[in-house]
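Welcome to this short tour. Please open your viewer and get ready to select a few residues at each stop.

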Amino acid sequence: MRSDAESPDLDVIWSEIDDQRLRTAAMLVALTDDQWEHPSLCEGWTVRHVAAHLTLQRQHLGDVLHLLVEHPRLLRSLGLNRMIHDSAVLQSALPTDEIVARIRAGIGSRRHNSFVTPRETLTDSIIHAQDIAVPLGVELEMRPVAAVIAAERSWAIRSTWLGRVNRHLPIDGYRLAATDADWSVGSGPEITGPIGALLLLITGRLVALDRLEGDGAAQLKMQTQPA
């Protein structure tokens, strides 16, 4: 793996998280009521669900237990992904302004969910902002420094329980190379493009292939077509 952000300072990571939260909140404020109910890139999730999920990035164990006490039906959610979805749906009942306010309230905080690192918080912030922006046709920049940190982390954990929250794509056996950052990983037919698009691909967003090139991109498109 080659990267220009191999050991990012925590100050850099939190600065990028703050920047992403600021820009995500600004995007959300500008949305219409209809856009809030629009499907996101996450299957079965609306824009509102994804935004509500972003208010749950600072949960320690006590917060989780409190949530379960308040909403015991979450205990019936089978699997991590189902619990994440169901908690987002519950949180989406908050007023729109409150959802935005809670995202903004995270700016400057270094608190993150138990059992994950700030790198997961950064990745979550970037990816879910795109889950909202892309289907709405909103241009929301993925800053290269942040995207490199997130892509490197997402690649490293893709086969762990943390990586299983994302859709698995058969990207092993390909070489991924960014055209706008000093980052590459893997070996095999090459998939090239912006680091942000590669990050979306690593985290299971097939829509990223529309922005990627190379023999590998063409092969992966064929490989992932519905039967």
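Which helix gives the most to the lining of the second largest pocket? Helix 9 does, with four residues. Before you select anything, note that this is a predicted model, where local features need pLDDT of at least 70, side-chain atom pairs count only at pLDDT 80 or more, and totals for chains, interfaces and linings use all residues. Residues are numbered from 1 along each chain as its sequence is written, and side-chain values use heavy atoms, with hydrogens and water left out.

**Stop 1: the second largest pocket**

Select Gln-130, Val-134, Glu-139, Met-142 and Arg-211, which lie nearest the centre of this pocket among its 19 lining residues. Helix 7 (118–136) and helix 9 (195–202) are the elements that give two or more residues to the lining. (Helices are DSSP runs of H or I with at least four residues, numbered from the N terminus.) The pocket holds about 330 Å³ of space. A pocket is an open set of points on a 1 Å grid over the protein atoms alone, with protein on both sides within 12 Å along at least five of seven lines; lining residues have an atom within 4 Å of a point. A volume is the space filled by probe spheres set on the points.

**Stop 2: helix 1 and helix 6**

Now select residues 10–29 (helix 1) and 96–105 (helix 6), whose axes come within 9 Å and cross at roughly 165°. Axes are lines fitted to C-alpha atoms over the stretch in contact, and angles run from 0 to 180 degrees between N-to-C directions. This angle makes helix 1 roughly antiparallel to helix 6 (the term covers angles over 145 degrees). Show the side chains of Arg-21, Ala-25, Leu-28 and Val-29 in helix 1, which meet Val-100, Ile-103 and Arg-104 in helix 6; contact means heavy atoms within 4.5 Å.

**Stop 3**

The volume of the largest cavity is about 50 Å³.

What lines the second largest cavity? Select Gln-20, Arg-21, Thr-24, Leu-54, Gln-57, Ile-103 and Ser-125 to see its lining. Helix 1 gives the most to that lining, with three residues. The space in this second cavity is about 40 Å³.

Note on methods. Angles under 35 degrees count as roughly parallel, over 145 as roughly antiparallel, 65 to 115 as roughly perpendicular and the rest as oblique. On a 1 Å grid over the protein atoms alone, a cavity is a set of points where a 1.4 Å probe fits but cannot get out, and a pocket is an open set with protein on both sides within 12 Å along at least five of seven lines; lining residues have an atom within 4 Å of a point.
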